[in-house]
Amino acid sequence: MGIAVDREPPWQHTPAQPGAALAIGFLLAYVSLDWVSFVHPMRGLNITPWNPQAGLAVALLIWRPRAWWLAGLAVAIGEMLARPASVVDPLFVSLLAAVALAAGYALTAALLARWPGLAQGVASRKRIATLLAVVAAGALAASLLHVAVLALIDASVPERLASAIYRAWIGESVGMLVTLPLISVLAQREGRARSKAMARSVEWWLAVLVACLATLALFARPPDEQFRLFYLLFVPVVWAAARFGLAGAVWSAILVQVLLIVAVQSAQYRPLTVFELQVLMAVLGATGLLLGGTVDEREEAERSLRATLRQAAAGDMAAALAHELNQPLAAMTTYARASQLLAERFGESDAQAAQPLVSVSGKLVQEAGRAGEIVRRLRDFFRERTTQLALVGLAELLDEAMQSQAARAHALGLRLDWYCDAGVPPLWLDRVQIGVVLRNLVANAIDAAAAPPRHDEPAVHVRIRIDDGDVVVSVLDTGAGLAVSDIASVFESRPSGKAGGMGVGLGISRLIVDAHGGRMWAEPGPGGRFFFSLPAAGPHHEA
């Protein structure tokens, strides 16, 4: 049991240039994707119907705008190694094509970066529509630049200019539509958590089975009948998007795309047929993304409505509690102080015997005052959304919360571990309110770890760390944990299973964290897994 206090400089900003490991990893990933996706190229021009590496390059340029040289280098290496020579001098062609494609990817990344939040996560119909429009425009720009370079080198290109642009546009668009949303989902903690929860769901694997069966049914037919049955592939994508939101749409689109490529590679198809299939794939992917964004947006609206109703109910309850408890708490404080004075007076003859009573009375005064302050601050929060911000070290606050629970944990035979990573800066927050959140989460974790069936070594682990520019607090226990089906409703007010519990602790905690500009979430087991994050820079203004 211990705590690490930060003595190092606070959180450093993400460097503008990628490190050597990231650069090498990006180059390997880009060239590998370029090599794997080099299927059914347009004769003599190396224009393929699927370019997933395009989305990888755009994501890099969104994340690291100054890494344009790395994107250009990856495109050039991919052109030289993954794609065979097409026209005249292969090195000359590869370099010019790399410059053209990299310029198109940079333009797409610049357009996406103009909409705040779009590059980091698409979770609404408006953002999805914007993503689709920007991807279409960026892919068209990259295709125009690419084909223009080829037209300057190969005299035969102008004769099939429209077809070359159309096919290049399809390949770039499908690649970005499939890869960019996947990277966006994996780049977010919530997206990764949803993906993990989805992977544990039987319903997801049923959707995977349906996708495989639909692909078999589709490509078992003669080529001229396949287009009429392509709608079968909409079933698993729509199912996954409607059930799991954007995460389901993204992963099902990836699955269908991979199945489609495997199918066309396993049989003899004309390149034109493959491009036409990819047009349908683009429509399928866009449909899934729009539906997934709509589902996520609706869930967020419902969550916000429930949070508002919980806040109103909690405000009424807090006001009533404050009214009922203020007088008893004040009386308790007065009596405790009187007991302290009497103990000091009558203990003058035997100070050693009176000292325990003086100490206990002092602690009673302190705890009664703290309880009164918590009730008043929660009442003010729910009535007026008031927070009293101060620069607070989370390490100190965590230590107080854990020490307050240490005696109960020891009595229950539980081990408490807590740690604050070096580099976690002090935050602007309401000390009382965030203290309530920490104590509530730790108390819940202790209850869960102590409940039967007990782990062989029951324990609660709390850690504070920096992650993606946020300070993240994780509270883990060795209890039964949450099922996937409970994640969505765990923060809703509901009857409590604890003796004397009111079932509103997690809901109130989430409201407090939201008011501080952070997030609170849970992940399915094994073991209880609760998290909340606060912005490292602190709120821009006091609520």
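Are F26 and Y30 buried or exposed? Both residues are buried (under 20% relative accessible area, with exposed over 50% and partly exposed in between; 1.4 Å probe, protein chains only).

The model is predicted, so local features were taken at pLDDT of at least 70 and side-chain atom pairs at pLDDT 80 or more, while totals for chains, interfaces and linings use all residues. Residues are numbered from 1 along each chain as its sequence is written, and side-chain values use heavy atoms, without hydrogens and water.

Two aromatic pairs were found in the structure (ring centres of Phe, Tyr or Trp, the last by its six-membered ring, within 6.5 Å; planes under 30 degrees apart are stacked, over 60 edge-to-face, the rest tilted). F26 and Y30 form a tilted pair, with 6.1 Å centre to centre and 40° between the planes. Both lie in helix 1 (residues 20–36), four residues apart, or about one turn of the helix. Helices (H or I, at least four residues) and strands (E, at least two) are DSSP runs, numbered from the N terminus. The pair of W521 and F531 is stacked, because the ring centres are 5.4 Å apart and the planes stand at 15°. W521 belongs to strand 6 (residues 519–523) and F531 to strand 7 (residues 529–535), so this pair ties together parts 10 residues apart in sequence. W521 is buried at 8% relative accessible area. F531 is buried too, at 6%.

M176 touches (heavy atoms within 4.5 Å) N51, A54, G55, V58, Y105, T108, V135, A139 and P181, not counting residues up to four places away in sequence.

Helix 14 (residues 431–450) packs against helix 15 (residues 505–515) at about 145°, with the axes 9 Å apart. Axes are lines fitted to C-alpha atoms over the stretch in contact, and angles run from 0 to 180 degrees between N-to-C directions. Helix 14 contributes Q433, I434, V437, N440, L441 and N444, and helix 15 contributes G505, L506, S509, I512 and V513. By class, this contact has six nonpolar, five polar and no charged residues (Ala, Val, Leu, Ile, Met, Phe, Trp, Tyr, Cys and Pro are nonpolar; Asp, Glu, Lys and Arg charged; the others, Gly among them, polar).
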